[in-house]
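Hi,

Here is the structure I promised to pass on to you. Have a look at it first, and then read my notes below.

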Amino acid sequence: MNNQRRSVLKSGSGAAFLGALAAAGIVKPGMALADWNKASFETKNLADTLKALGVSSPADSKDIQMTAPDIAENGAVVPIGIASTLPNVTMIAIMIEKNPSTLAANFTLPAGTEPFVQTRVKMGQTSNVYALVKSDGKFFTTSKEIKVTAGGCGG
Amino acid sequence: MRQKKLFLLLAALVAGVGGLSSPVALADASADAIARYREMIADGNPSELVAAQGEELWKTKRGPKNASLEKCDLGLGPGVVKGASAQLPRYFKDTGRVQDLETRLMTCMESLQGIDPKTIVDGKWHKGERETMAALVAYIVTESNGQKINIDMSQPQMKKMFELGKMAFYHRSGPMDFACTTCHGEEGKRIRLQDLPDLRTQAGAAAGWGTWPAYRVSSGTFWTMQQRLNDCYRQQRTAEPIYGSDATIALSVYLAATAKGGTVLTPGLKR
Amino acid sequence: MKRISIIVAAMAVSSGAFAAGEDLHAAFQTMMDNSFKTTGIADKYRMKQLDFQRLCSVEKEPSKKVMESIEAQQLKTIRYPADGKYFGDWKKGEKIAISGKGLTWTDKTRFDNGGGCYNCHQLSHKEIAYGTIGPSLQDYGKTRGKTDDVVKYTWGKIYNAKAFNACSNMPRNGDAEILTEEQMKHLMAFLFDPESPVNKK
Amino acid sequence: MATNPMKIRAANNGGITEVKALISHDMETGQRKDAAGAAIPAWFITELTAKHNDKVVLSAEFGTSISKNPFLAFKFKGGAKGDKVSISWKDNKGETRTDEAVIA
C-alpha cells in the first residue's frame, strides 16, 4: 500500500501541480493531466454539472454522433460511443440526466487524438444521455434517450 | 438528433400498437434494439480479465502440495487445455465418474495441490476457492472458443447420464411447479426481453450450452456452468443443487449432447 | 473392468440406451436425493413431486383423461373471496405484476412474494419488457368485459391455473400460497380496471 | 489490495491507432448495500491517462457512473507497429496501476 502510494506521488507529481489549478475551480480541458474535478462529479443535475465544468448554454450540434442503444438490456452496462466531425475537439464529456451523479466521464483530448471515445456506463433508470464536446473553445451538445429495461426472472 | 427522431418514430409505432393491431411489431422493435445492444457490448468481454487471472492461477504453485495445475488431465491428456472444455463432460476412468469441467478441476486441485474439494462444494460464489475455480474456468473455456461441441457419448456411463439429465430437465416440482422445460421447452419464447433457447433442440442447446460460462453484465461477475445451473434452480424455486452434484452433471451431459456439432462461443457475455 | 464395460455397453444398445426401465427411475430418484440440499427457506422437500407435477413431467402432454382428472382435482382447491369482492387497487396490482421476487433460497421469508406476471405476459401498454411464455393480457378487461363469468374464471385462473389446463406453465398463485387473497384482488383490478394501463393507453 | 492487469489492444490502421482497453476494477458507486444492509463504500477509478510512448494521447476523469470493469476505446493519429501504448489509472482510494501493450 505504502509503496503503491509512493509511486502515485512519484508518477503523479505533474498531475498534482495541475490539480492545484483544478482545485481553484478552473477546469482547463486540454490539460495533459487534469486532477480529478471532484466538484463536477458531485453535481446532481445537468445545469449544475455544466456550471461546474464552466460551460454556459452549449449549442445543439448535428456534428456530434452518439452511438448508444435505444434499449439497454441491463442498466449496469450501457455502451456509449461519441464521435464528432467538429474541428479541434479538446474535450468530450458524458452526462446521464437521471443518475445520482450526472457526470459520468470527462475526456481530455490532446492534439492528434481523434474526436472519438467509447465507454460503458451504469444507468439507474431510463434517462437522457448527453454528450458535451468542446470544439475550438466552444461547447456543443447532443442527447439521446436510452430506455433501461427490467430483465430476467426478477428473483 | 436523428436517433431522437428514430426513437419518436418507435414511440409512435408503440403507441399505434393497440390491443387490436399486432403486438408482434412492438416485440420485434424491442428485440431488434436488444440485439443491437448485445452487438455493441460484444467487443470487449470482461471475461478476458478473469481468464487472464485464471491462466496465472493454472501455472501458480498453490495448496498444501505447493503444485500448479499444469499436469491436470481435463480429458485430452495431462496439461492439455486447448479444446478440452468442448469435449466435457466426459467419463473419466481414474475417478470412475462422469465429470464436468468444474468437478474435474476439483479432482485435479485435490490430487495435485491437496486442496480439499469441500472448500469449493461448501463455499460461496465469487469467494475463496470458488472464485479461483471461476477464474480457472474462464481461462480453460477461452481455450475452446471456436471449436465444435463434441462430447464423447460412446461410454455407457455417459448414455446413462444423458437419460438422467433428460429426466431432470422435465422434472416439475416446488411451489411454482417449474421445470427446465417451463422456460426452455418451446421455441421463440422469452422472459421479459431475454430470449429463451429451446434446449431440447440442437440449435437451442447449442445457443445455450455453447455460450456458457459467461460474464454476467447484471452482476458484473463471471459465472461458471455450475453457477448458471444453480441459479436456474433458484429461479425455479426448487431446493438448491449441491455444487458438482450428479444432477448438475447429468443436465450438462443432456445439454452438451443435444448441442453436439454446435460451436463453442465461450466465454459468453450475458445480461 | 474393460470386459464389464463392454457388456454394459452392449446391454445399453440392446435395451435402447436405457429406455425408461425401473432401474433408470430408481437411479434417478437416488441422484435427485443426493443432489439437492436445504438452503434457507427452500427445503430439500421441494424436490418431492405432487402427483400432477409427476404426471406433467413428460415430453408430451399426458392423455386427455389424465388431464381432465387433474383439472377436476385442481378445481376443487380454488377459494373465491369470502366477501364477494374481487377487486383491489390496480396500482398495487401493477407492482405485484412487475415484482418477480420470492420463494427462492436467497429470500428471507416465504411471504411477501411478487406475482412475476411480466416474466411471461404482456400487460400494460407502457411496459416493453414483457415475456411471451404466456399469452398477451393487454386490454384484458377492455376486450373481455367484466361479466360475472369472466371475473370468476380470471380469479380461478390466477388462483390455480392447473384447474383449467392440467400442465399449465403458470404457477398456482393461490393454492400454493404464493400470493395472498388481497394481492390477487389487486392483480384483478390491474387486469380489469378501465384506468389501469392494461386497458388504458 | 492487489490490482489485476488490464487488457489493452492497440492496432494501427491507415495511420490511425485504435486502442481498446478493459480495466479490472469494481467501480463501486457507494450507493449499494451488502447482504447485511451495510453501505458498500464508493471505490472507483477517478483518473486515467493513456500514453503513446511518452506522449499523452488521452486523459480522462471518471465518476461512479462508469460500469464495473470499465471498457474504453479511443483513436490517435500516428503510432507505428511495435510502439508502446500504456494506460495508467488512479482510484479514489489512491491505488494506481499501469499496464502497457505494443501496437499491432
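Over which residues of chain C does pLDDT stay under 50? Keep in mind that this is a predicted model. The stretch in question is residues 1–18 of chain C, and the model has twelve contacts for it beyond four places in sequence. Where pLDDT is low, the predicted coordinates should not be read in detail. For chain C as a whole, the mean pLDDT is 91, and 89% of the residues reach 70 or more.

Now move over to chain B and find B:Asp122. You will see this residue in the loop between α5 (118–121) and α6 (128–142). B:Asp122 counts as exposed because its relative accessibility is 55%, and the cut-off for exposed is over 50%. In sequence, B:Asp122 is 121 residues apart from B:Tyr243, yet from C-alpha to C-alpha the two are 7.7 Å apart in space.

Last, a pair of helices in chain B. The axes of α9 (residues 202–209) and α11 (residues 246–258) come within 7 Å and cross at roughly 120 degrees, so α9(B) is oblique to α11(B). The crossing is left-handed. Which residues meet there? From α9(B) they are B:Gln202, B:Ala205 and B:Trp209, and from α11(B) they are B:Ser252, B:Leu255, B:Ala256 and B:Thr258. Sorted by class, this contact has four nonpolar residues, three polar ones and no charged ones.

Enjoy exploring, and write back with any questions!

Best wishes

Notes. Residues numbered from 1 in each chain as written. Chains lettered and ligands numbered in written order. Predicted model: local features only at pLDDT ≥ 70, side-chain atom pairs only at ≥ 80, totals over all residues. Heavy atoms only, no water. pLDDT = per-residue confidence, 0-100. Contact = heavy atoms within 4.5 Å. Helix = DSSP H or I, 4+ residues; strand = E, 2+ residues; numbered from the N terminus. Buried < 20%, exposed > 50% of the residue type's maximum accessible area, 1.4 Å probe, protein only. Axes fitted to C-alpha atoms, helices over the stretch in contact; angles between N-to-C directions. Parallel < 35°, antiparallel > 145°, perpendicular 65-115°, else oblique. Left-handed = near helix turned anticlockwise from the far one by under 90°. Nonpolar A, V, L, I, M, F, W, Y, C, P; charged D, E, K, R; others polar.
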